[in-house]
2 protein chains.
Amino acid sequence: MTDVFAALADETRRALLDRLFIKNGQSLTGLHQGMAMSRQAVAKHLHILESANLVSVHWQGREKLHYLNPVPLGDIVHRWVGKFEDARIAALTDFKQQIESASRPSNSSQPEEKRRAGQ
Amino acid sequence: MTDVFAALADETRRALLDRLFIKNGQSLTGLHQGMAMSRQAVAKHLHILESANLVSVHWQGREKLHYLNPVPLGDIVHRWVGKFEDARIAALTDFKQQIESASRPSNSSQPEEKRRAGQ
DNA sequence: TTAACATGCAACCATATAGTTGCATATAAA
DNA sequence: TTTATATGCAACTATATGGTTGCATGTTAA
């Protein structure tokens with residue numbers, strides 16, 4: 001049971017989900033078309049998506065059809081990201097200002113950013 | 001500029017975001033308290049969160065305070081996950097049935113799952 | 001000024017990850 | 001039955017990732 005976040009961390013796997021969103025129920029060979037990697041690589045990605053329950057499969061003869069399962073995506077949104085939503089609404093309006101006006105010693109206007117550069 | 005999905009793929013980093021959600025504006029040392037790893041490891045995770053723009057920092061003397069930036073989370077939800085939402089609503093009601101009733105040859109009731117085991 | 005504290009930088013290590021290639025097996029078509 | 005198609009399994013490789021330790025530097029407090 002692969003972690004859903006980990007499954008979503010790879011661009012190729014997100015592209016596969018996008019393709020299934022456009023056309024559901026595709027075979028490995030179908031999904032492999034136009035991808036710049038081997039069929040085996042695509043198969044591995046699909047197995048990971050399957051393991052994360054983001055894709056369900058259905059064998060039809062010698063073809064393994066892949067179906068998008070959007071439930072875990074919604075779960076993420078509602079159970080994990082959702083709690084940040086209120087903060088986000090505020091953030092869109094005054095996040096910058098909150099940080100800028102945070103209490104700080106008046107003698108140094110962020111000197112360390114210049115000294116300890118590049119973070 | 002680290003990918004937001006990749007930044008969220010690590011459990012430790014999600015825990016750090018949770019801690020910042022509970023108490024915003026913590027220092028590295030503060031966030032390190034109670035974590036079963038070195039301070040440097042936590043610092044690396046925070047740098048990744050910073051690089052993904054999920055955390056903003058503000059130097060205050062010798063302390064580097066970390067602030068949650070929930071904007072990219074909302075962006076993910078609305079620009080990427082959001083498009084799956086309609087499908088998800090349907091899925092919660094009849095996803096299983098859709099797959100089960102998908103057209104298939106009547107002679108084989110998913111024989112390959114048994115032969116090619118363990119997917 | 002000296003000592004303690006907060007953080008950064010760099011080198012290093014073990015393992016996970018994304019990819020490859022070769023070959024085996026099951027199904028479908030000729 | 002033979003051939004082509006669709007997929008799986010296994011071994012291997014290169015690089016990314018998460019972690020460590022040691023030391024340097026900047027800031028605060030005694």
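Predicted model: local features only at pLDDT ≥ 70, side-chain atom pairs only at ≥ 80, totals over all residues.
Colleague: What percentage of the residues in chain A is buried?

Modeller: A residue is buried if 20 or more other C-beta atoms, placed from the backbone, lie within 10 Å of its own, exposed if 12 or fewer, and partly exposed in between. Chain A has 119 residues, of which 24% are buried.

Colleague: Is V55(A) buried or exposed, and why?

Modeller: V55(A), a residue of strand β1 of chain A, is buried because it has 23 C-beta neighbours inside 10 Å.

Colleague: Which residues does V55(A) contact, beyond its neighbours within four places in sequence?

Modeller: Two residues are in contact if their C-beta atoms, placed from the backbone, lie within 7 Å. With neighbours within four places left aside, the contacts of V55(A) include L20(A), L46(A), L49(A) and E50(A). H66(A), Y67(A), L68(A) and N69(A) also touch V55(A). V55(A) and H66(A) are eleven residues apart along the chain, and 6.3 Å separates their C-alpha atoms. For chain A as a whole, among contacts between residues at least 6 apart in sequence, 53% join residues at least 24 apart.

Colleague: How is the packing of two helices described?

Modeller: Two packed helices are described by the angle between their axes and the distance between the axes. Axes are lines fitted to C-alpha atoms, for helices over the stretch in contact, and angles run from 0 to 180 degrees between N-to-C directions. Angles under 35 degrees count as roughly parallel, over 145 as roughly antiparallel, 65 to 115 as roughly perpendicular and the rest as oblique. In chain A, the axes of helix α2 (residues 11–22) and α4(A) come within 10 Å and cross at roughly 75 degrees. That angle makes α2(A) roughly perpendicular to α4(A).

Colleague: Which residues of α2(A) and α4(A) meet?

Modeller: T12(A), R13(A), L16(A) and L17(A) of α2(A) meet H45(A), L46(A), I48(A) and L49(A) of α4(A). Ala, Val, Leu, Ile, Met, Phe, Trp, Tyr, Cys and Pro count as nonpolar, Asp, Glu, Lys and Arg as charged, and the others, Gly among them, as polar. The contact of α2(A) with α4(A) has five nonpolar, two polar and one charged residues.

Colleague: What is the angle between helix α2 and α4(B) in chain B?

Modeller: Helix α2 (residues 11–22) of chain B packs on α4(B) at about 75 degrees, with the axes 10 Å apart. α2(B) is therefore roughly perpendicular to α4(B).

Colleague: At what angle do α5(A) and helix α5 of chain B cross?

Modeller: The axes of α5(A) and helix α5 (residues 71–81) of chain B cross at roughly 155 degrees and come within 11 Å. That crossing makes α5(A) roughly antiparallel to α5(B). L73(A), V77(A) and V81(A) in α5(A) meet L73(B), V77(B) and V81(B) in α5(B). This contact has six nonpolar, no polar and no charged residues.

Colleague: Where is N53(A) found?

Modeller: N53(A) is in the loop between α4 (39–51) and β1 (55–60) of chain A. N53(A) is not a glycine, yet it has a positive phi of about 65 degrees. N53(A) counts as partly exposed because it has 15 C-beta neighbours inside 10 Å. In chain B, N53(B) likewise has a positive phi of about 65 degrees although it is not a glycine.

Conventions: Residues numbered from 1 in each chain as written. Chains lettered and ligands numbered in written order. Helix = DSSP H or I, 4+ residues; strand = E, 2+ residues; numbered from the N terminus.
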